[in-house]
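Please read them with the structure open.

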Amino acid sequence: MISLAHPARDTTPMLEVADISHRYGAHQALERVSLSLTKGGFHSLLGPNGAGKSTLIALITGLLRSQSGEIRVAGHSLSRQPREVRRHLGVVFQQPTLDLDLSVRQNLLYHASLHGLGRRQARERCEWELARQHLEARANDKVRQLNGGHRRRLEIARALLHEPELLILDEASVGLDTASRQALNEHVRILCRERGMTVLWTTHLLDEIAPQDPVVVLCTGRVIANSQAQALCTHTGTHTLQEAFGRLTAKPGDTVMEGRS
Amino acid sequence: MSANAYLHCFLGVSGREWRRFVQQRTRFFSALVRPLLWLVVFAAGFRAVLGISIMAPYGTYIVYEVYITPGLCCMILLFNGMQGSLSMVYDREMGSMKVLLMSPLSRPFLLLSKVLAISLVSLVQVYAFLGIAWWYGIQPPAFGLVTALPALLLVAMMLSTLGLVLANAIHRLENFAGVMNFVIFPLFFLSSALYPLWKMQEAGPWLYWLCSYNPFTHGVELVRFALYEQLAAAPLLWCLGLTGAFGLIAVLTFDLRRGVRMKSPASANAT
């Protein structure tokens with residue numbers, strides 16, 4: 001799949017989703033979804049609106065209880081060792097989750113305390129992540145005063161405070177302008193390379209995906225493709241990911257889903 | 001996770017609760033003014049109407065202001081406990097509850113931290129009120145202020161766990177005001193906070209029955225006796241039991257709902 005910077009000694013996948021189904025009442029949101037992310041690398045989860053991406057993320061993060069199937073993060077079962085899973089998980093949710101009336105630093109320190117980090121360690125980690133996100137100058141500002149791009153970067157800084165091995169970003173670029181969107185995407189890729197971290201990036205925007213990225217395509221609750229972005233084009237006999245995606249998600253019998261929000 | 005991790009977590013949760021309280025100065029102000037109004041205006045007016053005979057734990061005849069002071073302390077605890085649970089509903093709406101839910105520490109512990117943090121903020125308000133009341137002339141035994149501390153803490157925890165149960169049951173912020181009207185006022189008025197229970201007995205047996213089973217009555221009586229350096233055993237047991245029961249229900253319902261609302265695709269389409 002992707003080449004790792006270091007030879008992989010441990011072959012346990014970072015994230016394993018096995019046979020997950022989920023329904024809301026009569027509506028089948030996910031149907032026998034299985035996927036596996038190798039350690040390290042930038043993985044994309046792609047799908048039109050309503051494909052089940054958010055449900056899948058809510059299940060992986062434990063915000064929704066799974067109805068059937070099994071999820072494992074870094075070898076730990078979510079149903080049996082949920083707290084061990086949460087220790088390895090950093091999440092940037094689609095909806096903002098910052099405390100607007102607290103300062104940038106207070107938001108980070110609060111998160112650090114929820115992860116049981118000691119005072120000194122929390123301060124060190126906090127300053128480090130702020131520097132990494134170029135937010136030092138804003139450390140004492142209220143979050144309310146930050147713009148959208150800065151808030152997102154703060155959420156990423158926060159998700160990385162406890163040094164997770166798996167970072168999940170659920171439509172993190174929603175609501176940002178093109179330049180900030182691109183900057184954010186590149187930034188996460190750099191993090192990924194430098195730290196050898198595994199990233200799961202969900203999006204419905206195709207320009208955020210590079211040809212060499214491993215991609216999982218979700219459509220009406222099912223995994224319809226799971227390979228490298230480039231290989232998707234080869235398989236579907238298309239030239240661009242846009243075309244490949246269009247062909248995959250509009251198979252005969254499937255309804256074309258347009259911008260439901 | 002080490003014991004230290006739990007300590008840091010508790011400090012973080014209570015630090016946030018405290019910062020929130022300090023930032024909302026109007027909240028502190030209204031938390032003080034409300035019971036003071038009752039004490040200075042309402043009690044002064046009622047003093048003439050309501051004669052209170054000698055009764056435990058008071059050794060002599062007392063003025064009405066002295067009688068309602070413990071009830072007003074508990075009123076502060078009640079309002080603050082509900083305010084704390086309101087903040088939980090708000091957190092859920094605003095998404096910051098997810099941050100709490102992603103903590104690797106155990107959820108019952110997180111909830112207990114929250115309850116204890118809300119209770120400590122309440123205690124600060126109660127003692128500020130008792131300080132002003134002291135200056136106004138309501139002076140229980142000085143050591144009573146010390147013996148009242150554990151009683152106040154227990155009652156604060158009972159009321160904030162009750163608040164958590166409500167927060168878990170309330171789906172939307174808008175519904176909160178209604179629930180408050182149906183919870184705060186009956187709890188307060190159907191209790192021994194404003195009038196002794198035997199007065200209620202004169203009013204009617206079912207009213208008396210309601211008052212004597214009201215958790216708030218037990219809280220008020222526990223604080224009343226503790227403020228006069230006495231232990232009220234039955235209210236203590238009631239408060240301990242109810243705190244445990246509310247806490248258990250809060251943990252169970254919290255975990256079921258997972259503290260977040262997940263839009264079903266059907267409702268997402270509707271918007």
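**Notes on the model**

1. Start with the fold of chain B. Read from the N terminus, its elements run α-α-α-α-α-α-α-α-α-α-α-α. That is twelve helices and zero strands. Keep in mind throughout that this is a predicted model.

2. Overall size of chain B. The C-alpha trace spans about 65 × 40 × 35 Å along its principal axes.

3. Contacts within chain B. Take the pairs at least 6 apart in sequence. Of these contacts, 80% join residues at least 24 apart.

4. Surface and charge of chain B. The accessible surface is about 11,800 Å². Carbon and sulfur atoms account for 71% of that surface. The chain carries 18 positive and 9 negative side chains. The centres of the two sets lie 11 Å apart.

5. Now chain A. This chain has eight helices and ten strands. Its radius of gyration is 18 Å, close to the 18 Å that the globule rule gives for 261 residues, so chain A is as compact as a globular protein of that length. Its C-alpha atoms fill a box of roughly 55 × 45 × 40 Å along the principal axes. Buried residues make up 53% of the 261.

6. Contacts, surface and charge of chain A. Among contacts with a separation of 6 or more, 66% come from residues 24 or more positions apart. The chain exposes about 11,900 Å², and carbon and sulfur atoms supply 48% of that area. There are 32 positive and 27 negative side chains in chain A. The centres of these two sets lie 4 Å apart.

7. The interface. How many residues of chain A are in contact with chain B? The count is 36, and they meet 36 residues of chain B. The area buried between the two chains is about 3,100 Å². Carbon and sulfur atoms give 59% of this area. On the chain A side, A:L63, A:R86 and A:L114 supply 22% of the area that chain A buries against chain B, more than any other three residues. Please inspect these three on screen.

8. Backbone points to check. A:D19 has a positive phi of about 60°, although A:D19 is not a glycine. A:D19 sits in strand β1, residues 15-24. With 32% relative accessibility, A:D19 counts as partly exposed. A:A74 is likewise not a glycine, yet has a positive phi of about 50°. A:A74 lies in the loop between β4 (68-73) and β5 (76-77).

9. A:Q28. This residue is in strand β2, residues 27-37 of chain A. Its relative accessible area is 27%, so A:Q28 is partly exposed. Leaving out residues up to four places away in sequence, A:Q28 touches A:S21, A:H22 and A:R23. A:G221 is 193 residues away along the chain, but the C-alpha atoms of A:Q28 and A:G221 are separated by 7.2 Å.

10. A:N185. Is this residue buried or exposed? A:N185 is at 8% relative accessibility and therefore counts as buried, the cut-off being under 20%. A:N185 belongs to helix α6, residues 178-195 of chain A. Beyond residues up to four places away in sequence, A:N185 touches A:F42, A:W201 and A:E208.

Technical notes
Residues are numbered from 1 along each chain as its sequence is written. Chains are lettered from A and ligands numbered from 1 in the order in which they are written. This is a predicted model: local features need pLDDT of at least 70, side-chain atom pairs count only at pLDDT 80 or more; totals for chains, interfaces and linings use all residues. Side-chain values use heavy atoms; hydrogens and water are left out. Helices (H or I, at least four residues) and strands (E, at least two) are DSSP runs, numbered from the N terminus. Buried means under 20% relative accessible area, exposed over 50%, partly exposed in between (1.4 Å probe, protein chains only). Contact means heavy atoms within 4.5 Å. Accessible areas come from the Shrake-Rupley method with a 1.4 Å probe; for residues, only the protein chains shown count as cover. Lys and Arg count as positive and Asp and Glu as negative; His and the chain ends are not counted. The place of a charge is taken as NZ of Lys, CZ of Arg, CG of Asp or CD of Glu. Buried area is the accessible area (1.4 Å probe) that two parts lose on being put together, summed over both. The radius of gyration is taken over C-alpha atoms; the globule rule is 2.2 Å times the number of residues to the power 0.38.
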